[in-house]
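Me: I am new to this structure and would like to know the grounds for the labels used on it. Please take the questions one at a time.

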Amino acid sequence: MNNRLKVLRAERNWSQQDLAERLGVSRQSINAIETGKYDPSLPLAFRIAELFALAIEQVFVSPTQHQSKAI
Amino acid sequence: MTKGLDMNTAIEPAGGTNNRRKLIFLVVGEMITLGIASVAMIRFNLGWVGAVAIALLVAAFTYGLFRTGENRAKETGNFSAAMGRYNRRMLGAAAIYTVGLFGAIWIHDALHPTGALAFVIAFLPSIGVLLMVYAMGRLVAEEEDEYQRHRHIRASLFGLGTLLTVATVWGFFEQFDLVPHVPAWAAVPVFAIGLGIANCTPWGRP
């Protein structure tokens, strides 16, 4: 699932480790989510969105929306 | 500014790189040492002294592997409390397995137990292995990092697939007298090999 995690993190000068510590997850988790290799659970996705004070759809791109835009 | 941090991918601390080299050195070193020790055992008929020496060598290497792996995980920000407990449980189980195996062989050879006692003695080596299986289960149950848990489950499924594949193919080869008989306790080592492959290759990663 595409997301804006890397951009949001860069805007705050946070490393993957910084973000991982703020969320209480491993740095590998952040890397896997950012690169789209792993889709977080709904609770973790909400935690990420809340950390950036954004709505969940402002952080994560809906796969169906992404598909329709591509068409 | 990004304070010189790589915003794209993981940052590999200097210590992490050193520990990765140390890990590779320990794995290669363990394989070479065990190979030499096994040849020496067969060639010079070292008996009990050789067997205990090999067991101590394996213990030393295994302890080193666990410690280095843990340090690397800590330095790269991938260590979890559940992983720490898993490591300690596996080390304890390995020690119990070694004592159980050598104890059972010694009692069997020296006392020739029969009946129910023979079953009890034959069960001794299984205790350590069953504790390893328990440790694997607890790791999945206790891991709080959902991505790490996902990886553990994925690697376990790969290990299970490896075991089912090897057992099926080998079983039919054996049925047609093409390969020698392999005892059933080989199931856990085959599963562990599959687990290791999954953890060291992209197959085990989402």
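Me: What makes B:Glu142 count as buried or exposed?
Reply: The model is a predicted one. B:Glu142 has a relative accessible area of 16%. The cut-off for buried is under 20%, so B:Glu142 is called buried.

Me: Which salt bridge does B:Glu142 form with B:Arg85, and how do you know that the term applies?
Reply: The closest N and O atoms of B:Glu142 and B:Arg85 are 2.8 Å apart. A salt bridge needs a nitrogen within 4 Å of a carboxyl oxygen, so the pair qualifies.

Me: Why is this pair said to link distant parts of the chain?
Reply: B:Glu142 is in helix α4 of chain B and B:Arg85 is in helix α3 of chain B, 57 residues apart.

Me: Is B:Arg85 buried, exposed or partly exposed, and on what value?
Reply: Its relative accessibility is 31%. Buried means under 20% and exposed over 50%, so B:Arg85 falls in between and counts as partly exposed.

Me: What makes B:Glu142 and B:Arg89 a salt bridge?
Reply: Their side chains meet at 3.1 Å, N to O. The limit is within 4 Å, so this pair also counts as a salt bridge. B:Glu142 lies in helix α4 of chain B and B:Arg89 in helix α3 of chain B, so the pair ties together parts that are 53 residues apart in sequence. B:Arg89 is at 26% relative accessibility and counts as partly exposed.

Me: Which residues are linked in a network of salt bridges?
Reply: The network links B:Arg85, B:Arg89, B:Arg138 and B:Glu142. Over all chains, the count comes to 6 salt bridges.

Me: Where is B:His112, and what stands out about its phi?
Reply: B:His112 is found in the loop between α3 and α4 of chain B. Its phi is near 45°, a positive value in a residue other than glycine. B:His112 is at 56% relative accessibility, and the cut-off for exposed is over 50%, so it counts as exposed.

Me: How do you know whether B:Glu144 is buried or exposed?
Reply: B:Glu144 has a relative accessible area of 74%. That value is set against a cut-off of over 50%, so B:Glu144 is exposed. Its place is in the loop between α4 and α5 (146-175) of chain B. B:Glu144 and B:Gly171 are 27 residues apart in sequence and 39 Å apart in space, C-alpha to C-alpha.

Me: What does the secondary structure of chain B come to?
Reply: It comes to 6 helices and 0 strands. Buried residues make up 29% of the 206 residues in chain B, and the C-alpha trace spans about 75 × 35 × 35 Å along its principal axes.

Me: In chain A, why is the pair of A:Trp14 and A:Phe52 called tilted?
Reply: The two rings are 5.6 Å apart, centre to centre, with 35° between the planes. Centres within 6.5 Å make a pair, and planes under 30 degrees apart count as stacked, over 60 as edge-to-face and the rest as tilted. The value of 35° belongs to the rest, so the pair is tilted. A:Trp14 is in the loop between α1 (5-11) and α2 (16-23) of chain A, and A:Phe52 is in the loop between α4 (42-51) and α5 (56-59) of chain A, 38 residues apart.

Me: What makes A:Trp14 and A:Phe52 buried or exposed?
Reply: A:Trp14 has a relative accessible area of 13%, and A:Phe52 is at 4% relative accessibility. Buried means under 20%, so A:Trp14 is buried and A:Phe52 is buried.

Me: Which residue lies over the face of A:Trp14?
Reply: A:Arg12 does, at 6.0 Å from the ring centre. A:Arg12 also forms a salt bridge with A:Glu11, the closest N and O atoms being 3.5 Å apart. A:Glu11 is at 52% relative accessibility, with the cut-off for exposed at over 50%, so A:Glu11 counts as exposed.

Key: Residues are numbered from 1 along each chain as its sequence is written. Chains are lettered from A and ligands numbered from 1 in the order in which they are written. This is a predicted model: local features need pLDDT of at least 70, side-chain atom pairs count only at pLDDT 80 or more; totals for chains, interfaces and linings use all residues. Side-chain values use heavy atoms; hydrogens and water are left out. Rings of Phe, Tyr and Trp (its six-membered ring) pair if their centres lie within 6.5 Å; planes under 30 degrees apart count as stacked, over 60 as edge-to-face and the rest as tilted. Helices (H or I, at least four residues) and strands (E, at least two) are DSSP runs, numbered from the N terminus. Buried means under 20% relative accessible area, exposed over 50%, partly exposed in between (1.4 Å probe, protein chains only). A charge sits over a ring if NZ of Lys or CZ of Arg is within 6 Å of the ring centre and within 35 degrees of the ring normal.
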